[in-house]
Amino acid sequence: MALKNDCFALPAGVVWTPVEDALADLRGRLSPVARVETVALAQAEGRVLARDVAAPISLPPADNSAVDGYALAHASLGAQGEQRLSLRAGRAAAGVPFAGTVGPGEAVRILTGGVMPPGTDSVVMDEDVDREAGAIRFGSGLKAGANRRRAGEDIRAGDAALAAGARLRAPELARLASVGVAQVAVHAPLRVAVFSTGDELAEPGAALSPGQIFDANRVMLLSLARAQGVVALDHGRIPDRPAAIEGALRAAARDADAVIVSGGASGGDEDHVSRALARMGAMALWRIAMKPGRPLALGQIGDVPVFGLPGNPVAAFVCFLIFARPALHCLAGAAWPAPVGYPLTATFSARKKPGRAEFLRGRADGRGGVAKFRSDGSGLIGGLVWSGGLIALEHDRGAVEAGETVTFLPYSGFGL
Ligand code: AMP
Ligand code: MG
């Protein structure tokens, strides 16, 4: 079941819901839909872990050396003056332990990663040692336990290696491999169907008739979806005809776990997406107090949630990042991803009234400052290209003066 309640009902009506409230509400309604399967670690990249994984072993499995040098017992050393230890034949190398036990007053050659031989607890590194026939000499001051990595200092057997909901990127794959996990239970990739609506839309590459524009949103939303690790299905361009849109919604809901539609989501004459969703069962217009973004249509066909985004490309982009993105992660079984914002100094001023959140297209200057795009128009794709992230102006915030601190959300933080 995708949604904990029957639909996205509430918070509709004339009240404009703060972004944070809408997100909290959305989060409360969604749960994972993607089924669970077991795959080899090498096939698990980008997947979402379905169950907690405990470490089968400790890492490192045994105390070992962090450097090339000589292993010894710290108790063998004098408090001051030159130290001299007799050198045992043989050595401890990574993967090839020393066979014997090192006695008091003795040292043995050890290489990085070599297991600490019985009788030793510290390593004096090559650079600090003078070697002579059958002995080593070095200065005083070596600390007990020097250059020794402790067994279990990375992770202990039985401790949590990764929690369910983790997305398996390079660090997570390394974590699992390091404790010997070869098979993992992961969610199947979430399937997300994307289509755009509008009689004015033409396919890039086609000739434009008068009044037409090229469909920019579909390729953008497919790309945004793929960047979240889902399988994005292209369901084409659909004209503003109720039957066509209803058919497209049904086909999308049949093929996918979630549907993203651009255009027609508002309450106007040609806003067939919201009306089709209402006819088909479950639909709520969320009037969210944010700019850009007119009402967001959230609906459900059977178990499949539908996100109706605004047609304006910038509004579609921002609404995807702020609302659809975390929802898709949740449906995919991943932890709810809150974007991490960075405080930067505004190098611009902007008018704003408290009572809605605003997301400006911003560009960091690398010296602690951030500029905003020359225009706030929500149709200007140039602003998306120019910017490196969103400047998030909070609900209660008023006008921004140059020199004030603002929150910058880099696109990289959204997986782009
Ligand atoms: P709508 O939300 O359908 O009322 O569309 C709002 C504005 O966005 C209109 O100016 C549309 O022409 C434009 N628009 C809608 N869909 C797209 C699209 N796929 N690509 C580019 N612009 C679009
Ligand atoms: Mg339209």
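Helices (DSSP runs of H or I, at least four residues) and strands (DSSP runs of E, at least two) are numbered from the N terminus. Axes are lines fitted to C-alpha atoms, for helices over the stretch in contact, and angles run from 0 to 180 degrees between N-to-C directions.

This is a predicted model, in which local features need pLDDT of at least 70, side-chain atom pairs count only at pLDDT 80 or more, and totals for chains, interfaces and linings use all residues. Residues are numbered from 1 along each chain as its sequence is written, and side-chain values use heavy atoms, without hydrogens and water.

**Stop 1: two helices**

Select residues 19–29, helix H1, and residues 313–331, helix H6. Their axes come within 10 Å and cross at roughly 20 degrees. H1 and H6 are therefore roughly parallel to each other (an angle under 35 degrees). Next, show the side chains of Val-19, Ala-22, Leu-23 and Leu-26 in H1, and of Ile-322, Phe-323, Pro-326 and Ala-327 in H6. These residues make the contact (heavy atoms within 4.5 Å). By class, the contact has 8 nonpolar, no polar and no charged residues; Ala, Val, Leu, Ile, Met, Phe, Trp, Tyr, Cys and Pro count as nonpolar, Asp, Glu, Lys and Arg as charged, and the others, Gly among them, as polar.

**Stop 2: the sheet**

Now move to the open sheet of 6 strands, ordered E7-E4-E6-E5-E9-E8, with mixed pairing (two strands pair if DSSP finds at least two bridges between them). Select 122–125 for E7 and 130–132 for E8: each stands at an edge with a single partner strand, so one side of each has no neighbour in the sheet. Neighbouring strands here are turned by 35 degrees against each other on average, direction ignored.

Finish with residues 69–72, strand E4, which pairs with E7 in the antiparallel sense over 4 bridges. Gly-69 stands opposite Met-125 in E7.

Terms used: Chains lettered and ligands numbered in written order. Parallel < 35°, antiparallel > 145°, perpendicular 65-115°, else oblique.
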